[in-house]
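Here is a briefing on voids, the ligand site and backbone details. The sequence and model come first, then the notes.

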Amino acid sequence: MHNAAFAALGLNWRYLAFEVDPENLRAAIEGARAMGFAGINLTVPHKLLAVDMVDSLDASAKKWGAVNTVRFGPDGTAGFNTDAGAIVTALREDLNLELRGSRILLLGAGGAGRTAALKLASENVAELFLVNRTVRKAEEVAAEIRIQSPAVNIVVGYPKSDVDLILNATSLGLQADDPSPLDERQFLLKKTRMVYDMIYRPAETNLLAAAKAAGCGTANGISMLLYQGAKAFEIWTGQRAPLAVMRRALEQNIYGH
Ligand code: ATR
């Protein structure tokens, strides 16, 4: 998506992938800077390690304790996090969801689930229901939110009444024979208006198919991938990201059409 965006804007830039052993991360960042790179993206497990390897952290990287975007500039190496903001943009753009005052059932309290929970809470949702196989992890996230966003009503477990959104942040659905992340004995799909699945491959998980059949608005995680990338693009280039071009390139790459 980045290369398509560079081409669309007439920038003679290239986006390339490198596999770096975590123990060489510091050397790789220094090397990229020495070679005149504009910036880099980092993925697991580098996002946490890089926090201590940049000259300055943007507020987003400080808040999430993770860096997925680095910019090399005259003022040094700066770390950013464009992941958390992408969740909010994706929900707004794909589902037209007004987060403030909404009621959300969040499935998953791993890395992605924790970030989503904290971000949604900071957007002043009214109620957040956290469900996770390992209940202790959901309780730990709930405790964090009670300190950070005391106005949000946070509950560990399924809601008793309707919600606006079910957000899947578990890895269930990546494999075709995975069980549903939603226990329909505890909560029926018809009790939510919308379902967002962070998984984007397959394009339609069993959860999304069932949600569609139940009449819910649905979207998959490709938009989160798009918006974190678009934000990084803007950080590096200082130009508005050509979203339609980037979306098309992503879809072609991932779905082959
Ligand atoms: P990520 O960084 O993608 O969030 P993760 O931190 O490993 O990855 O989190 C994976 C999530 O999927 C967790 O919520 C995990 O539940 P646990 O915290 O109980 O491990 C959930 N998950 C993965 N496999 C699962 C399964 N078979 N049944 C239920 N939940 C599962």
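## Voids, ligand shell and backbone

The structure contains one cavity of 30 Å³ or more. This is a predicted model, in which local features need pLDDT of at least 70, side-chain atom pairs count only at pLDDT 80 or more, and totals for chains, interfaces and linings use all residues. Residues are numbered from 1 along each chain as its sequence is written, and side-chain values use heavy atoms, with hydrogens and water left out.

**Terms for voids**

- On a 1 Å grid over the protein atoms alone, a cavity is a set of points where a 1.4 Å probe fits but cannot get out.
- A pocket is an open set with protein on both sides within 12 Å along at least five of seven lines.
- Lining residues have an atom within 4 Å of a point.
- Grid points are joined across faces, edges and corners, and a volume is the space filled by probe spheres set on the points.

**Largest cavity**

- The largest cavity holds about 40 Å³ of space.
- Its lining consists of Leu172, Gly173, Gln175, Asp178, Pro179, Ser180, Pro181, Thr205, Asn206 and Leu207.
- By class, that lining has four nonpolar, five polar and one charged residues. Ala, Val, Leu, Ile, Met, Phe, Trp, Tyr, Cys and Pro count as nonpolar, Asp, Glu, Lys and Arg as charged, and the others, Gly among them, as polar.

**Second largest pocket**

- The second largest pocket has a volume of about 270 Å³.
- It is lined by 17 residues, and Thr82, Gly85, Thr89, Tyr227 and Lys231 lie nearest its centre.
- Two or more lining residues come from each of α4 (59–64), α5 (83–95) and α9 (222–237). Helices (H or I, at least four residues) and strands (E, at least two) are DSSP runs, numbered from the N terminus.
- α9 gives the most to this lining, with five residues.
- The lining of the second largest pocket has eight nonpolar, five polar and four charged residues.
- Domain 1 (2–81 + 223–255) and domain 2 (84–220) each supply at least three residues to this lining. The domain bounds come from an automatic or database domain assignment.

**Ligand**

- Around the ligand are Gly108, Ala109, Gly110, Gly111, Ala112, Asn132, Arg133, Thr134, Lys137, Thr170, Ser171 and Leu172, each with a heavy atom within 4 Å of it.
- This shell has three nonpolar, seven polar and two charged residues.
- An N or O atom in the side chain of Asn132 is 2.6 Å from an oxygen atom of the ligand.
- Polar backbone atoms of Gly111 and Ser171 also face ligand oxygen, at 2.8 Å and 3.2 Å.
- Taken alone, the ligand exposes 640 Å², and the protein buries 62% of that. Accessible areas come from the Shrake-Rupley method with a 1.4 Å probe.

**Backbone**

- The peptide bond from Val44 to Pro45 is cis, with omega near 5°. Pro45 is in the loop between β1 (39–41) and α3 (46–49).
- Arg201 and Pro202 are joined by a cis peptide bond, with omega about 10°. Pro202 is in the loop between β9 (192–197) and α8 (206–213).
- Asn96 is not a glycine, yet has a positive phi of about 60°. Asn96 is in the loop between α5 and β5 (103–107).

Terms used: Polar contact = N/O pair within 3.5 Å; in protein donor to acceptor, adjacent residues only side chain to side chain.
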